[in-house]
Protein chains: 4
Amino acid sequence: MAQTPVNNHQLAEFPVVISLPVIWGDMDAFQHVNNTVYVRWFESSRVAFVEQADIRPFLQERHLGPILASVTCNFKRQLRFPDTVHIGARVANLGRSSMTLDHVVYSETLGQVAADGSSIVVLFDYQSQRPVRIPQEMLAAIERLQGSLPAGP
Amino acid sequence: MAQTPVNNHQLAEFPVVISLPVIWGDMDAFQHVNNTVYVRWFESSRVAFVEQADIRPFLQERHLGPILASVTCNFKRQLRFPDTVHIGARVANLGRSSMTLDHVVYSETLGQVAADGSSIVVLFDYQSQRPVRIPQEMLAAIERLQGSLPAGP
Amino acid sequence: MAQTPVNNHQLAEFPVVISLPVIWGDMDAFQHVNNTVYVRWFESSRVAFVEQADIRPFLQERHLGPILASVTCNFKRQLRFPDTVHIGARVANLGRSSMTLDHVVYSETLGQVAADGSSIVVLFDYQSQRPVRIPQEMLAAIERLQGSLPAGP
Amino acid sequence: MAQTPVNNHQLAEFPVVISLPVIWGDMDAFQHVNNTVYVRWFESSRVAFVEQADIRPFLQERHLGPILASVTCNFKRQLRFPDTVHIGARVANLGRSSMTLDHVVYSETLGQVAADGSSIVVLFDYQSQRPVRIPQEMLAAIERLQGSLPAGP
C-alpha cells in the first residue's frame, strides 16, 4: 500500500493515496466489483490517513478513537479484475468533535475516477463513552499532513 | 430471510423487511460489526425488494437491470454477535430513470434502530448501455407492494 | 441461527446444527456461492459449538482459547441464492491439546449435502503462549453436548 | 499483484507468486487476519496460475473451466495489519481430470511462512456438465510455466 506513482490531477489533491489490487474475488454475480468493496477501500484509506498523520499513539494514550458515523459512496464506473485502484483521503470539513473525509477511487485500467464519496468520523472517548472535542495536537497533525486545515466550526 | 415477526413502528413503514443473523465473522478488530456489513445488508434488502415486487422476469425480458449509483449509511449503534437484524427497504423517491430506496436496520438485541440510509438505483438498458425511463409496469408493481407511490418527477 | 427444523439423517449425527440464509452477495463471478463462504460457515458452526457447550466462561477465566490450526472443505454441490443452509459441527477426534471437528453443510433447496470438511483446533494459553492439555471440565462439557466422547489419545 | 521481489527459498519452488497487502479489514475480533482471508489468497493464486499459464482462452473456446473440489489450509502464524504476503501456487499432482495445487503464504513482516495448503481442482465441461480429461495442450502450458510436470496418473 505504497504511495501511488500515478500522476493524476484528481489524486494530486489528496495528501494520502493508497494503492490496492482488485482481486478476482472482489467481483460479484454481476461480474463487476461489488459495492461493499468500494466501502472497504474507503476504510483502508481512513486507516492509512491515521497512520500517515502519525496520531495513533496520541489517541491511544488518551483512550480516544474514531467512530464512523456515516459513509457515502457514489459509483461512477464499473470495475473488473484485473485492475489496480488508487484511493485518496483528505479531511474536507472540521466540526467540534467530528470531521468529514473525502475519498476518491481512481482505476488504473480505466484511467478514470471510478467512485468518490465521504465519511463522517466522530472522535470518541472510550472511557466516558462520549464524543470529545478534537484536540489541538490532532488538528496540528492533520495540518502537517495536508499543508492546511479546512475552515472549522 | 422470512418477513420479520418484530412488531416495531419504525419497521412497520417498510413494505419489505428481511431478517438476518449477525455472525461472529461480521465483527472486525474493534469487536463490533464492521461498517461494510451494514452496506451488504442494504444490498440484501434491495434484492428482496426486487423479488417481492416480482419484477425480475419483466426486467430480464427487456434486458433491463438496476445499477447502484450511490449508497449512504448512517451508523447509530454498534452491533455485536449474537444478534438478529431486521432490514427494511422502501422506494422513497422516484425520478425519470432512477429511484431512491430508504433502508433501516433494527437490532433485536438492542431493541433499537442501529442504522439507516439510502440507495440510489438507476434503471439501465444493458443492450444500449444507457439509463431508461422506468416503465409503467414497474411503477405499478412498486405501487402494489407499497400501497402507494412517492411523488414522481 | 436457531436449531434447524430439518429432519435429515446426515444432520442428525451432529449435536450442533445452525441455520443460515444464503445471501445474494455470497455469490461470486461464477454466479455460485464462493468457496470462502463455506469456510465462513464452518467458523460460525465452531463458534456455535463453543456457545452450546457453554465453555466460554470457563475458557476466559483461564485465559485459554481455541486457535484454528487447519481447515479442509470438500465441495460437493454448487449453491445459489436463494437458499438456506444447515451447518453441523461435532468433535470427531481428541488429542492431548487439540481436537478435530467435523462439519457438514446441508442445502435446503437441493435437499442434499453441499459440502463437508473438518477443522483442527488447538487449545492455547494466551498468557504462556503455548498449547495446553484440554482440561477435564472441557471434555465433560463436550460429552454432555454430544452424549459421548470420541476415543482420546 | 506483480511477481514478488522476495528472494526466499520456500517461494523459489513456486512458478507463480503473487503479492498482496494485508488490509486492516482482513482482521477479525481476535485482532488477527481471519482464516477465510487465507483461503481467499489461495483463490487469488489459482486465478494467477491460470492467467500466467495463459490457458484461459483455450479453456473458454472449449467451454471448459476449473471447479474447486477441495481446499485445505494449515495455519502456522498469526498475521496482522500492516503486512504484505507473497502467495505461491504450483501444480503438485496430476490426475486424469483433476490436479492438486500446492500453496504457500509467506509474510514479509514475519519473514516466515504463515500458512500452506492445497486445492484440488477438477476440469469441467460446462456443456455436458461432466469432468473431462485434462487436454494435452493444457499439460503443455503447465509444463512451460513450471519447467516440468509432476508424475501423472
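**Where two helices meet**

Modeller: Let's begin in chain D, where Phe49(D), Gln52(D) and Ala53(D) of helix α2(D) meet Ala141(D), Ile142(D), Leu145(D) and Gln146(D) of helix α4(D). Sorted by class, this contact has five nonpolar residues, two polar ones and no charged ones. Please keep in mind that you are looking at a predicted model.

Now for the geometry. Two packed helices are described by the angle between their axes and the distance between those axes. For α2(D) and α4(D), which covers residues 136-146 of chain D, the angle is about 100° and the axes are 9 Å apart. Angles of 65 to 115 degrees count as roughly perpendicular, and α2(D) and α4(D) are therefore roughly perpendicular to each other.

On the α2(B) side you will find Phe49(B), Gln52(B) and Ala53(B), and they meet Ala141(B), Ile142(B), Leu145(B) and Gln146(B) of α4(B). By class, that contact of α2(B) with α4(B) has five nonpolar, two polar and no charged residues.

Chain C is next. Its helix α2 (residues 35-53) packs on its helix α4 (residues 136-146) at an angle of about 100°, with 9 Å between the axes. As a result, α2(C) is roughly perpendicular to α4(C). From α2(C), the contact takes in Phe49(C), Gln52(C) and Ala53(C), and from α4(C) it takes in Ala141(C), Ile142(C), Leu145(C) and Gln146(C). The classes here are five nonpolar, two polar and no charged residues.

How do the chains themselves relate? Two copies of a chain are related by a rotation about an axis and a shift along it. Chain A is superposed on chain B by a rotation of 180° with 0.0 Å of shift along the axis, and the RMSD is 0.0 Å. The two copies are thus related as by a two-fold rotation axis. To find that axis on screen, look for Thr72(A), whose C-alpha, at 2.1 Å, comes closest to it of the residues of chain A. Of the interface residues of chain A, 100% are also interface residues in chain B, so these copies meet through the same surface.

Let's go back to chain D and zoom in on two histidines. His32(D) sits in the loop between β1 (16-22) and α2 (35-53). Its relative accessibility is 13%, so His32(D) counts as buried, since the cut-off for buried is under 20%. Beyond its neighbours within four places in sequence, His32(D) is in contact with Asp26(D), Met27(D), Gln78(D), Leu79(D) and Arg80(D).

His86(D) belongs to strand β3 (residues 83-94) of chain D. This histidine is buried, because its relative accessible area is 1%. The side chain of His86(D) makes a polar contact of 2.5 Å with the side chain of Glu108(D).

Val122(B) lies in strand β5 (residues 112-125) and is buried, at 16% relative accessible area. Val122(B) and Ala69(B) are 53 residues apart in sequence, while their C-alpha atoms are 6.5 Å apart in space. Ala69(B) is also one of the residues that Val122(B) touches, and others among them are Gly65(B), Ser97(B) and Pro131(B).

Ala92(B) is placed in strand β3 (residues 83-94) of chain B, and with 23% relative accessibility it counts as partly exposed. Ala92(B) lies 51 residues from Trp41(B) in sequence and 18 Å from it in space, C-alpha to C-alpha. Leaving out residues up to four places away in sequence, Ala92(B) touches Thr100(B), Leu101(B), Asp102(B) and Pro150(B).

Note on methods:
Residues are numbered from 1 along each chain as its sequence is written. Chains are lettered from A and ligands numbered from 1 in the order in which they are written. This is a predicted model: local features need pLDDT of at least 70, side-chain atom pairs count only at pLDDT 80 or more; totals for chains, interfaces and linings use all residues. Side-chain values use heavy atoms; hydrogens and water are left out. Helices (H or I, at least four residues) and strands (E, at least two) are DSSP runs, numbered from the N terminus. Buried means under 20% relative accessible area, exposed over 50%, partly exposed in between (1.4 Å probe, protein chains only). A polar contact is a pair of N or O atoms within 3.5 Å; within protein, one must be able to donate a hydrogen and the other to accept it, and residues adjacent in sequence count only if both atoms are side-chain atoms. Copies are superposed by least squares on the C-alpha atoms of residues with pLDDT of at least 70 in both. Contact means heavy atoms within 4.5 Å. Ala, Val, Leu, Ile, Met, Phe, Trp, Tyr, Cys and Pro count as nonpolar, Asp, Glu, Lys and Arg as charged, and the others, Gly among them, as polar. Axes are lines fitted to C-alpha atoms, for helices over the stretch in contact, and angles run from 0 to 180 degrees between N-to-C directions. Angles under 35 degrees count as roughly parallel, over 145 as roughly antiparallel, 65 to 115 as roughly perpendicular and the rest as oblique.
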